[in-house]
Amino acid sequence: MPNPVARRAVLLIQTAFIGDVILATALLERLHATEPDTPVDFLVRKGNEGLVKDHPHVRRVLIWDKKKDKYRGLWHLLQQIRGADYQRVITLQRFASTGFLTAFSGAPERVGFDKNPFAFRFTRAIPHVIGAGVHEVSRNLHLLDPAYDGPLTPPRLYPSAADEAAAAQAAELANGQPYLCIAPTSVWFTKQFPREQWLKLLRALPPKYTVFLIGGPPDVAECEALLQASGRAGVVNLAGKLSLLASAALMRGAVLNYVNDSAPMHLCSAQGAPTCAIYCSTVPFFGFGPLSPFSRVVELPEELECKPCGLHGYRKCPLNHFHCAHGIETSQLLSALAEAEAV
């Protein structure tokens, strides 16, 4: 006989980037609020499991290793999903691979966006509209309830005691004084505020602040280059030294966090950390903007015919001028800090 507890369970699928997983945690909060007794499992790509493996609203984390036997792993996942006897399988992605897992999951309720190639096998397909200022969290929440029009449920992450301790130890480097965090990098070049622009900010920031440069192991060299070139005392390179959740906890205690339109912005949203989000080639209109109680967006004051040039950005400016980034004034970033100080 089917297991009645298993048959109630929900599987959420989000195997894209870090930021996408963070935003998907809003569904965990919503499900916990509306169905506290429903077990929820979460499928992520290998490398992102640390975000949710100790999440209090997640029963079990499933992992897809996309870099090793990708399609064999997909087939094994399907067998695992079918054997789990889910009531609902919900994919938050529009790609065929996760649509395949959903469509053939064996769940009575198979939900996803109408742009997914396997949407014809879903029991409910929700329109996916990028633009009109609709936030990605809102788009995702409509997978749970298409008629929902209440307040936006914010994403949330739960740093462990070890993460909190690591963040507290890092914060001690500020010697009890206020600090700022800068997450200077992005996977996409045209989403990343240029090094020379960050250096202008570092040189202009009030000397009372310790500045923590944060990022993952791939960001160590860029953060070190910024530190060395800044000539500013009180800059600490923490890139590669903190987990994602420890970084999130550190950002929660900052007076302000300067971030790109990238994963660290969503870490801030999931901790309610004060945010100054710098938009270069992309725009908040796409629906991936900051959600913290104190959030400021900084972008080029004038309109550019070429902006936005794409949803995710490019590895170089298509027109070779990158004015959407170089035209931003340091004074705009300092104004956001002045507002954060006044809160």
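This is a predicted model: local features need pLDDT of at least 70, side-chain atom pairs count only at pLDDT 80 or more; totals for chains, interfaces and linings use all residues.
Analyst: Helices are DSSP runs of H or I of at least four residues, strands are runs of E of at least two, and both are numbered from the N terminus.

User: What makes the phi of Phe322 stand out?

Analyst: Most residues other than glycine have a negative phi. Phe322 is not a glycine, yet its phi is positive, at about 50 degrees.

User: Is Phe322 buried or exposed, and how do you know?

Analyst: Buried means under 20% relative accessible area. Phe322 has 5%, so it is buried.

User: Which value of phi does Asn175 have, and where does it lie?

Analyst: Phi of Asn175 is near 55 degrees, again positive in a residue other than glycine. Asn175 sits in the loop between H6 and strand S7 (179-183).

User: Why is Asn175 called exposed?

Analyst: The cut-off for exposed is over 50%. Asn175 has a relative accessible area of 66%, so it is exposed.

User: Why does Gly133 count as partly exposed?

Analyst: Partly exposed lies between the two cut-offs, 20% and 50%. Gly133 has 47% relative accessibility, so it falls in that range. Gly133 is in the loop between strand S6 (124-126) and helix H5 (136-144). Its C-alpha atom is 5.6 Å from that of Gly287, although the two are 154 residues apart along the chain.

User: Which residues have the most contacts inside the largest nonpolar core?

Analyst: They are Leu12, Phe42 and Leu250, in a core of 54 residues. Helix H2 (residues 18-34) gives the largest share, eight residues. There is also a second, separate core of 31 residues, with Leu201, Tyr258, Cys280 and Leu337 among them.

User: What is Leu250 in contact with, beyond its neighbours within four places in sequence?

Analyst: Its contacts include Ala167, Ala170, Phe212, Ile214 and Leu242.

User: What makes the buried residues of H6 line one face of the helix?

Analyst: The buried residues of helix H6 (residues 161-171) are Asp163, Ala167 and Ala170. Down the axis of H6 they fall within an arc of 60 degrees, so they line one face. They pack against strand S8 (210-213) and helix H9 (244-252). The face turned away from the buried side carries the exposed residues Ala161, Ala162 and Gln169.

User: Why is strand S5 called largely enclosed?

Analyst: Four of the five residues of S5 (residues 109-113) are buried, so the rest of the structure largely encloses the strand.

User: How do you know that S4 and S5 pair?

Analyst: Pairing takes at least two bridges. Strand S4 (residues 88-91) and S5 run parallel and share three bridges, so they pair. Arg88 stands opposite Glu109 in S5. S5 also pairs with S6 in the parallel sense, over three bridges. There, Gly112 stands opposite Ala125 in S6.

User: Which way do the residues of strand S11 point?

Analyst: In a regular strand the side chains alternate between the two faces of the sheet. In S11 (residues 275-278), Thr275 and Ala277 point one way, while Cys276 and Ile278 point the other way. All of them are buried. Strand S10 (residues 256-260) runs parallel to S11 and is joined to it by four bridges. S11 also pairs with S12 in the parallel sense, over four bridges.

How values were computed. Residues are numbered from 1 along each chain as its sequence is written. Side-chain values use heavy atoms; hydrogens and water are left out. Buried means under 20% relative accessible area, exposed over 50%, partly exposed in between (1.4 Å probe, protein chains only). A nonpolar core is a set of buried Ala, Val, Leu, Ile, Met, Phe, Trp, Tyr and Cys residues joined through side-chain atoms within 4.5 Å. Contact means heavy atoms within 4.5 Å. The arc is that of the directions from the helix axis to the C-beta atoms.
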